[in-house]
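Me: I would like to learn how to read ring pairs in a protein model. Please take me through one.

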Amino acid sequence: MDSKETPKIKDDRHFVTALARGLEVLASFRPGDKALGNQEIALRCQLPKSTVSRLTYTLTKLGYLHYIASQGRYRLGSATLALGSAMIARLDVRQLARPLMQELADFSKGMVSLGMRDRLSMIYIENCRSQNALTLSLDVGSRIPLASTAMGRALLASMSTTERQTVFDEIEANQPDLWPELYAGIEASLKEARETGCCSSFGEWQSDVNAIALAFSPGAGQATVAINCGGPAFLLSKEFLLNEVRPRLLQLVRELHCTLG
């Protein structure tokens, strides 16, 4: 559990803190992590090492973590993989969107990705690249920030004012020094979304990366997703993305809406 958890959560008698802490341990594993020790997990979760030791022991017994005795470290277990695979398999929008995404990726010579929100991040659930070898090295399961990316800002633009303010409070609590700059960028994107239908991030997440995105609801009770098109700034200029790619991205989402009903 994050040490910055809100009083509302602490006072909620239905909230199971032990379960939340166990899930935080699983969430502490990031793409590229081969294995983590209890000390690393404790630092990422902001929990005492003794608490983490009990949690990792329990999660190992249940198959959500695998203990590597020779290293004294843990990697994600098969039970975690089964949960993720089951969730992704239910996302029909991935199968429907993929051919349209690939067509846009080939046109733009960039990368087109579909993502969902996980707290203050977006997680890629589908990814299409052009044949250009210079596209971004991100794949399904990769995380990108919510506040500074086109995809994350598009997701924020789709929220109600109340829901968005709650997320704003979380971002500010986690990144107080960066918040004024992040807020200014988000506000500009919200205005952009109202005027053009898309949100953008031109060198704000990474100085050499440009992207545009928009969010939409797949229906059938599924969570809102966002779709972006981006890549190296020298290949995908601001003008190209806004003038050439944006109309095609908007059309892609319209076609998905028609297909999804």
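Me: How many aromatic pairs does a search of the whole structure find?

Reply: Rings of Phe, Tyr and Trp (its six-membered ring) pair if their centres lie within 6.5 Å; planes under 30 degrees apart count as stacked, over 60 as edge-to-face and the rest as tilted. Here the search finds five such pairs. Phe107 and Phe240 make a stacked one, at 5.9 Å centre to centre with 20° between the planes. This is a predicted model, where local features need pLDDT of at least 70, side-chain atom pairs count only at pLDDT 80 or more, and totals for chains, interfaces and linings use all residues. Residues are numbered from 1 along each chain as its sequence is written, and side-chain values use heavy atoms, leaving out hydrogens and water.

Me: Which parts does the pair of Phe107 and Phe240 tie together?

Reply: Helices (H or I, at least four residues) are DSSP runs, numbered from the N terminus. Phe107 belongs to helix 6 (residues 92-108) and Phe240 to helix 10 (residues 238-260), so the pair links parts 133 residues apart in sequence.

Me: Is Phe107 buried, exposed or partly exposed?

Reply: Buried means under 20% relative accessible area, exposed over 50%, partly exposed in between (1.4 Å probe, protein chains only). Phe107 is partly exposed at 31%, and Phe240 is partly exposed at 23%.

Me: What about Trp179 and Tyr183?

Reply: Their ring centres are 5.3 Å apart and their planes at 50°, so this pair is tilted. Trp179 and Tyr183 are four residues apart in helix 9, about one helical turn. Trp179 is buried at 10%, whereas Tyr183 is partly exposed at 35%. Phe168, Trp179 and Tyr183 form one aromatic cluster.

Technical notes:
Helices (H or I, at least four residues) and strands (E, at least two) are DSSP runs, numbered from the N terminus.
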